[in-house]
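User: I am new to this structure and would like to learn how to read its features one at a time. Could you take me through them, giving the general idea before each case?

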Amino acid sequence: MSRAFYREAVAPLLAGVRHSAALVGPGSEVLAFDTGRSADHDWGPRVLVFVPEGLVGEVEAAVTRRLPECFGGFPTVFDYHGEVRPGVVVADLGEWLRGQLGFDPRGGVSVLDWLSVPWQRLAEVTCGEVFHDGLPSGGPGGGRPDGGRPDEGGLEAVRRTLRWYPRDVWRYVLACQWRRIAQEEAFPGRCGEVGDELGSAVVGARLAREVMRLALLLRRRYPPYAKWLGSALARLPGSVELGESLGAALAARSWRERQEGLSSAYSRLAALQNRAGLAVRLDERVRAFHDRPFEVIGGDRFAEALLGQVADPVVRALPLTGCVDQLSDSTDLLMAPGRARAVTAAALGLGA
């Protein structure tokens, strides 16, 4: 609907104006997770239009004045996140990117930039669809940060740049995710051993979330926020068996059954990393946790192997605390780029 809305209703109003148009940013439809339920709020025909900075007000006024009242049977003016306004948002690309990410990738992307942007935001910018890309590709510094093709426009160049982590940053984030598993992988058994099945189940569920995130990261997918995490995992090729293992762990009534499900999931992740060739090949089997009767994969083994492949000295020197999603799951932090950047910089010892 948004594609048709742009082509049939909005594009004719932009004749002679150099612009890009897309459905990107927040919204379940951008990540293709929307269903009929999604239409009950913040929903209607919408498109983002990016124009040169000095034309934003003029173009927005012209489009708003001439926009039809309805399109496809739906009002073109509706309540979107508490504001009643047209479904066409006109913006300067650089300003919009800074609002979403905390920086403009057209000027280059630093290690701190990569690690301070939540996975959800990276997915929202790189997913969705670009309907037209007529803006120049040069950014604030006048260069091309991605080495992209000469015929790419500004928005597509940004999306290409952010499509996935650079080699060393990817390995660092994966190492930190294995580290999160290593820190608690023995706890479901230890809780259960003292009769705390509730505590074992809670830790088991936390570990299941970390496994899901790691599976997505290994397959070059930015994990979405909690509501769509299971849906994203289900879309991964070959994820059925992993989902079954995690389902068994979550449905378990005893810590030994829970451990069995998690152990199966860990081994599948280990095999996935080995197949991807991201680090030296490691034994994919679980083992005893020291001399205690708990099965673990030894997540730190995989973290160390990944870090051994990192060449960038800046990345190698970072503490294993990870990106902002690995530091916090506070929505009020993750959705505020300034806060997310400040917290990440402080945790990693990087200049903001």
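Predicted model: local features only at pLDDT ≥ 70, side-chain atom pairs only at ≥ 80, totals over all residues.

Analyst: The structure holds 13 aromatic pairs. A pair of aromatic rings is described by the distance of the centres and the angle of the planes. In the pair formed by F50 and W96, the centres are 5.3 Å apart and the planes stand at 65° to each other, an edge-to-face arrangement.

User: Which parts of the chain does the pair of F50 and W96 link?

Analyst: It links distant parts, since F50 belongs to strand β2 (residues 47–50) while W96 belongs to helix α3 (residues 93–101), and the two residues are 46 residues apart. Both F50 and W96 are buried.

User: Which residues do ring pairs link into a cluster?

Analyst: The cluster consists of W114, W164, Y165, W170 and Y222, which are linked by ring pairs. One of these rings, W170, also has a charged neighbour, as R220 lies over its face at 5.4 Å from the ring centre.

User: How should I read the two sides of a strand, and where do the side chains of strand β1 stand, buried or exposed?

Analyst: In a regular strand the side chains alternate between the two faces of the sheet. For β1 (residues 20–23), both faces are covered: S20 and A22 are buried on one side, and A21 and L23 are buried on the other.

User: Which strands does β1 pair with?

Analyst: With β2 it pairs in the antiparallel sense over three bridges, and A22 has L48 of β2 as its bridge partner. Strand β8 (residues 129–133) also runs antiparallel to β1, and four bridges join the two; here the bridge partner of A21 is H132.

User: Why is E210 counted as buried?

Analyst: The general idea is a cut-off, with buried meaning under 20% relative accessible area. E210, which lies in helix α9 (residues 197–218), is counted as buried because its relative accessible area is 5%. Its side chain is joined to that of R180 by a polar contact of 3.0 Å. When neighbours within four places in sequence are left aside, E210 is in contact with Q177, R180 and I181.

User: How many residues does helix α12 have, and what span does it reach?

Analyst: Helix α12 (residues 255–276) has 22 residues and spans 31 Å from its first C-alpha to its last, which is close to the 32 Å expected at 1.5 Å a residue. Just after α12 comes G277, which takes a positive phi of about 65°.

Terms used:
Residues numbered from 1 in each chain as written. Heavy atoms only, no water. Phe/Tyr/Trp six-rings, centres within 6.5 Å; stacked < 30°, edge-to-face > 60°. Buried < 20%, exposed > 50% of the residue type's maximum accessible area, 1.4 Å probe, protein only. Lys NZ or Arg CZ within 6 Å of the ring centre and 35° of its normal. Pairing = 2+ DSSP bridges. Polar contact = N/O pair within 3.5 Å; in protein donor to acceptor, adjacent residues only side chain to side chain. Contact = heavy atoms within 4.5 Å. Expected span 1.5 Å × (residues − 1).
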